[in-house]
Amino acid sequence: MSLQERLLARFLRYAAVTTQSKAGSKTIPSTPGQWELAHMLAGDIEQLGVLDVSVDEHAVVIGRLPARLPEGHAPVPAVGWVTHMDTVDVGMSPDINPVIIRNYRGGDICQNAEKQLYITAEEHPELERYIGQDIVVSDGTSVLGADDKAAIANVVTALEVLRDNPDIPHGEIYVCFVPDEEIGLCGAKAMDFSRFPVDFAYTIDCCEEGELVYQTFNAAHVLLNITGVTAHPMSSKNNTVNPILIAHDFISLLDRGETPEHTEKTEGYIWVTGIEGNQLNTSVRLLIRDHDRAKFESKKEYLTACTEMMKLRYPKAKLSIEIHDDYSNINDAITPDKRKCVDYIFQAMESLGIEPKDIAMRGGTDGSFISTKGIPTPNYFTGAHNFHSRCEFMPMGAVENSCRTTLRLIELITKG
Ligand SMILES: [Zn+2]
């Protein structure tokens with residue numbers, strides 16, 4: 001079987017397991033299907049020679065492929081690959097029924113004749129690039145879940161290539177499959193890093209061919225709690241303190257130019273995402289995002305200072321603010337001695353004739369959390385398009401190029 005056919009077969013095997021994650025769940029993994037996929041993957045990689053394979057209490061799968069180096073070879077860094085098992089819930093069916101379009105000829109793709117669902121060439125002119133390739137889509141009732149099962153297929157198939165080609169030398173390789181990425185990087189946060197002793201790692205969770213991300217937001221979430229004083233209106237003068245109006249004053253202190261709707265590229269923002277209140281208690285939820293660590297910290301300080309100012313203005317009110325870091329800019333973990341993990345991606349792509357598309361991502365990846373553990377973890381393309389949409393599609397030539405990038409990375413890291 002060709003590399004592409006093997007990638008497709010593996011993708012279909014993993015897509016058949018329903019693993020949509022569920023926000024608000026009290027458990028990790030959030031849904032039982034992720035257990036099923038975790039055990040399936042553990043079995044698959046064991047068959048490919050991966051040792052010490054474990055599925056922990058959160059369905060995080062970790063395994064280690066021992067180094068295979070000729071005697072006297074220079075030491076090779078230990079490298080990891082992390083991919084996520086869940087698919088996103090955007091209000092569509094959790095079950096995924098892939099449709100394979102062999103040798104795409106151009107024009108609209110019919111996903112579902114019965115329901116008259118199409119991916120149109122007019123709305124998706126990028127389809128044209130893949131004329132002549134096999135393209136995989138969903139039946140239009142769900143996402144495709146190439147995010148991130150194309151990546152899982154990629155890693156497992158790369159392991160298979162290594163098993164089948166004992167002449168390819170490589171250092172120690174760790175693979176990790178995590179649940180619940182889509183609901184707040186929960187699986188990565190539950191990882192036992194003592195079982196993942198790598199020098200650096202990669203995620204494969206970008207979209208189209210060539211995309212790579214090592215600049216992400218620094219992210220924090222904030223909860224402001226305000227307790228006021230209630231009184232009957234007949235005795236309210238100089239007595240009542242309305243926490244809803246304090247929340248209003250607090251929000252008025254924020255820069256209206258630093259919101260998601262007024263920023264782009266590497267500009268940061270503070271996003272008021274929720275307000276809930278009554279005449280006694282009011283809470284405000286906010287998110288802080290900034291690529292720049294110093295600006296990120298100063299946004300936190302500003303919110304704390306605003307809280308202090310409200311305390312001065314309303315001495316009878318009680319205010320408290322909680323600020324929790326969620327993830328960090330991967331780039332901050334890429335110290336000069338570890339810069340090579342990014343260089344390797346550029347080199348791998350260039351040697352394969354793939355044009356690198358370096359993106360400062362306005363979001364985070366599993367790598368944004370893993371990087372906070374001192375493991376720089378850049379992210380590169382799966383080859384698929386339109387994540388989180390029924391129009392998600394996977395051109396198999398691009399998926400193959402993603403797997404070739406993985407194999408080339410292994411080669412370059414081994415050469416050093
Ligand atoms: Zn993803």
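## Helix α2 and its buried face

In helix α2, Gly-33, Gln-34, Leu-37, Ala-38, Leu-41, Asp-44 and Ile-45 are buried (20 or more other C-beta atoms within 10 Å of the residue's own; exposed is 12 or fewer, with C-beta atoms placed from the backbone). Seen down the axis of α2, these buried residues fall within an arc of 135°, so they line one face of the helix; the arc is that of the directions from the helix axis to the C-beta atoms. On the other side, Gly-43 and Gln-47 are exposed.

The buried residues of α2 pack against α1, β1, β2, α3 and β8, with contact meaning C-beta atoms within 7 Å. Helices (H or I, at least four residues) and strands (E, at least two) are DSSP runs, numbered from the N terminus. Just after α2, Gly-49 takes a positive phi of about 95°.

## About the model

This is a predicted model: local features need pLDDT of at least 70, side-chain atom pairs count only at pLDDT 80 or more, and totals for chains, interfaces and linings use all residues. Residues are numbered from 1 along each chain as its sequence is written.

## A three-stranded sheet

Elsewhere, an open sheet of 3 strands runs in the order β4-β7-β17, with antiparallel pairing (at least two DSSP bridges between two strands). Strands β4 and β17 stand at the edges with a single partner each, so one side of each has no neighbour in the sheet.

Between β7 and β17 there are 3 bridges, and Val-136 stands opposite Met-394 in β17. Helix α10 (residues 396-415) packs on the sheet, touching β7 and β17, and its direction makes about 70° with that of β17; axes are lines fitted to C-alpha atoms, for helices over the stretch in contact, and angles run from 0 to 180 degrees between N-to-C directions.

Key:
Two residues are in contact if their C-beta atoms, placed from the backbone, lie within 7 Å.
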